[in-house]
Amino acid sequence: MLDVPFWLWGTFAATVVLSLAVDLLSHRSAHVIGFREAALWSGLWIGLAIVFAVVVFLVLGPTAGTEYTTAWLLEKSLSVDNLFVFALIFAYFKVPREYQHRVLFLGVIGALLFRGIFLSLGVAVVSRFTAVLFAFAAILFYSSYKILREEDEKFDPGRSFAVRLLRKVMPVREEYAGPKFFVKEAGKLMATPLLAVVAAIEAADLIFAVDSVPAVLAVSDDAFIVYTSNAFAILGLRALYFLLAGLLDRFRYLNKGLAVILSFIGVKLILQASHKMISTGIPEIPSPISLGVIVVVLTISITMSLRRPAKAERDAEPARGRPPEGKGE
């Protein structure tokens with residue numbers, strides 16, 4: 001485990017709290033987040049994560065800095081898969097665009113809390129039972145298989161456990177009531193659909209944590225590295241959603257790339273566990289190689305998506321060099 005000075009933990013905590021406060025104050029009034037605003041915020045979150053990476057390099061050394069950067073980029077790439085589900089949830093509940101940021105803000109706070117719990121448990125289990133890494137690898141291989149089979153598209157927001165539980169606890173009205181989560185009707189407290197959307201978002205994040213936690217623990221089993229990298233990736237999730245909203249369908253090969261990354265991390269976990277349990281002669285995959293593989297796979301996936309759009313998208317574009325019918329003859 002790394003010998004992390006207390007002031008660095010304090011700096012991280014203060015940065016997260018301050019970032020959330022600034023974000024909340026900047027979006028006090030409900031409004032539609034445009035591309036330019038989303039790009040500025042996304043740049044801010046990425047810049048903040050990079051600055052923190054430099055601090056980790058300088059204070060904890062190049063190995064810790066590389067592990068943090070690898071874990072952050074891994075979590076950032078896996079979070080893109082969340083965006084597709086967010087879009088599905090918003091479409092299912094017909095969430096007005098001006099309220100979507102409010103929902104995602106609460107989703108981020110919930111994700112920070114739940115990931116903290118899961119990662120703490122994961123670090124504790126891995127430090128005591130190395131064999132669990134084989135189980136984590138199996139989870140990643142299965143997740144990769146599901147992505148390739150496109151089974152995630154079967155996700156039904158209305159039937160998620162959290163939404164069904166909410167409907168049992170209290171009645172949920174059909175219409176939105178502005179940005180409110182609760183209203184009183186005839187003296188009875190009722191939830192609005194906006195609260196059901198928050199429940200669906202949190203339920204989705206719990207599902208994605210099943211992939212995320214084993215993946216990041218393959219990069220490092222240090223609590224500071226795994227949690228800070230997760231936190232900075234999660235902080236930029238809202239801005240990334242609004243930045244890519246409407247463009248998600250163009251990245252048709254990105255899921256395939258994520259499947260390759262998860263499989264690669266699964267292999268890394270198996271080698272890591274085998275090195276510790278079977279023989280030290282079994283090689284491990286160093287973090288710099290992991291970082292390089294993630295960067296290369298993401299670059300290829302995004303490039304192929306942009307160069308080879310889906311057939312429906314190509315058909316929607318006007319034929320280049322071909323005059324309209326009835327003209328040019």
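Here is a friendly walk through some features of this structure, in questions and answers.

Me: What kind of model is this, and how are residues numbered?

Reply: Happy to start there: this is a predicted model, in which local features need pLDDT of at least 70 and side-chain atom pairs count only at pLDDT 80 or more, while totals for chains, interfaces and linings use all residues. Side-chain values use heavy atoms, leaving out hydrogens and water, and residues are numbered from 1 along each chain as its sequence is written.

Me: Which helix gives the largest share of the nonpolar surface patch?

Reply: The patch consists of Trp-7, Ile-46, Ile-50, Val-54, Phe-57, Leu-58 and Val-59, with about 650 Å² of accessible area together. Such patches take residues with over 30% relative accessible area and no salt bridge, joining like charges within 9 Å and nonpolar side chains (Val, Leu, Ile, Met, Phe, Trp, Tyr) within 5 Å; areas follow the Shrake-Rupley method with a 1.4 Å probe, and for residues only the protein chains shown count as cover. Helices here are DSSP runs (H or I, at least four residues), as are strands (E, at least two), numbered from the N terminus. The largest share, 6 residues, comes from helix H2 (residues 35-60).

Me: Which helices do the buried residues of H11 pack against?

Reply: In H11, the buried residues are Ser-287, Ser-290, Ile-294, Val-297, Leu-298, Ser-301 and Ser-305. They sit on the same side of H11 because they cover an arc of only 95 degrees around the axis, taken from the directions from the helix axis to the C-beta atoms. Pro-288 and Arg-307 are exposed on the other side. With contact meaning heavy atoms within 4.5 Å, the buried residues pack against helix H3 (62-93), helix H7 (193-219) and helix H10 (254-277).

Me: How many residues apart in sequence are the parts tied together by Asp-23 and Arg-238?

Reply: A salt bridge is a side-chain nitrogen of Lys or Arg within 4 Å of a carboxyl oxygen of Asp or Glu, and the Asp-23 and Arg-238 side chains meet in one at 1.8 Å, N to O. Asp-23 lies in helix H1 (residues 6-26) and Arg-238 in helix H9 (residues 237-244), so the pair ties together parts that are 215 residues apart.

Me: What is the N to O distance between Glu-185 and Arg-173?

Reply: Glu-185 lies in strand S1 (residues 182-185), and Arg-173 in the loop between helix H6 (161-169) and S1. Glu-185 counts as partly exposed at 32% relative accessibility, whereas Arg-173 counts as buried at 16%. Their side chains meet in a salt bridge with an N to O distance of 2.7 Å.

Me: What is phi of Lys-94?

Reply: Lys-94 sits in the loop between H3 and H4 and counts as exposed at 68% relative accessibility. Most residues other than glycine have a negative phi. Lys-94 has a positive value, near 50 degrees.

Note on methods:
Buried means under 20% relative accessible area, exposed over 50%, partly exposed in between (1.4 Å probe, protein chains only).
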